[in-house]
Amino acid sequence: MPLTVLSDSDIHSLLYSLSRDDVVNLQENLAEALHEYSTGTQETTGCCQSNQPQRIAIPATNNQTTLFMPASTSTSRGMKIATLATTPEPNRSGSLPSITSTISHASSASSNSANSPKTPLTAESSLSNLSISTSNRTDPSITSSQSTSPVGSLTLLTASGKPYGFLAASELTAFRTALTATMIFNRRTNVHTIAVFGAGAQALWHIRLALILRGKDIHHVHIINRNFERARQLMTNIYTSKEWEGLRNANDKLDFSIVSNEYGEYNRLLKEHVRKSDAIFCCTPSTTPLFPAEHLTSTEGRKKGRYVSAIGSYRHHMIELHPDILRQAVAAEHKHHHHKHADKGGVVVVDSLDACMKEAGEVKQAGLNPEQLVEIGELLMVKKAAMQEIERGGQGEVGLKRWLQAGNVIFKCVGLGLMDICVGEDLVMLARERGFGTTVEGF
């Protein structure tokens, strides 16, 4: 059997060649695998949860962690091994750091900088002029100029154990995570404005897939990052690279902006962009909330339905969303109130219930229980989630559909090896069909 070897460069070229139909097919295959993970048994599918061993994390030097992620589908077995930078666990004081004081400090420090920009920075600005001096403020999370992309590989074997694929893990990981996070996003009614926290590979692929899937409907993309220079590099790539030319030209109303806490009016702009966004993608390994809870939990914040995806924090001490946001999402709905609020589903959507109960900082710090979580594999196929909705006094599939399309939906993802195997299988097939990578015959 031939062995297909795909380097990061090969995967990059292959992924950037994908059409919208290709992306939709990959997403549908992944959704089916996640559905089988949530609902299948060993007698019916190799994707079932009992065939997915827990990943192993081994601490490495320099605040790095190596993850071993075995997984299987009905046709493949595999293992991803990836090393990535992680944030050290903070000293436990029993209280959550105040994001408000952090923002105020950043705004004060930035406003005293003679080089801080005085107006919002957009893609229409001269990219050569997008530069400011850096702030001396430190943060318990990984420095935003430091790459958090995993380094490693994915090995694929047939069900009988014959190796057929060896793939670099960095860009593959970012792509498969964004592919999962945009499943519900693609069903949303309004995606006019999106906010993306982060400026690394995950942020890039969330933006790219959002534009591939819904580009004609998106008018504003706000990139929010602690380090301005890294965000500028991402926007320069999007705004000037030939690889993005088709997506840029598909919608003449599309514009981009950058907001950094090195910016003098960060506090005001952060609140404005979060409130105005129809979708928020959180793609940072943060140990503190990225924005105050009240931006979404206040009466004003609840008037608009949003899709909020948090995929950057994957350990129990890491957190992108304030726990109060999750608590409100699962709280019982009051039947009589004086303000119009967007629908909520009473649950937080997750990739894996078991993994998120053990590893997701937001879930653990919010004190959620398993009954307040629903796996995306169940939700996208509707049946069980619709029954739960009826039990809570809702309208079943009608109410579920309305919530998914226009309500407040939170998706928390810590990552599954199954995602790598499923997407890796499809990429190897596409690579062979289209001549990407290296083939070792008779391996």
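Predicted model: local features only at pLDDT ≥ 70, side-chain atom pairs only at ≥ 80, totals over all residues.
## A buried threonine

Where does Thr158 sit? Its place is in strand β6, which covers residues 151–158.

Which side chain makes a polar contact with that of Thr158? Look for Ser160: the two side chains are joined by a polar contact of 3.0 Å.

Now look beyond the residues up to four places away in sequence. There, Thr158 touches Met1, Thr75, Ser76, Arg77 and Tyr164.

Next, find helix α1, made of residues 8–16. Its buried residues are Asp10, Ile11, Leu14, Leu15 and Tyr16. Here is a handy idea for reading any such list: an α-helix has 3.6 residues a turn, so residues three or four places apart point the same way.

What do the buried residues of α1 pack against? Two of the partners are strands, β1 (3–6) and β7 (163–168). The helices α4 (170–185), α5 (201–214) and α16 (417–434) are also on the list.

## The whole protein

The secondary structure comes to 16 helices and 16 strands, and 56% of the 443 residues count as buried.

Among contacts with a separation of 6 or more, 77% come from residues 24 or more positions apart.

Note on methods: Residues numbered from 1 in each chain as written. Heavy atoms only, no water. Helix = DSSP H or I, 4+ residues; strand = E, 2+ residues; numbered from the N terminus. Polar contact = N/O pair within 3.5 Å; in protein donor to acceptor, adjacent residues only side chain to side chain. Contact = heavy atoms within 4.5 Å. Buried < 20%, exposed > 50% of the residue type's maximum accessible area, 1.4 Å probe, protein only.
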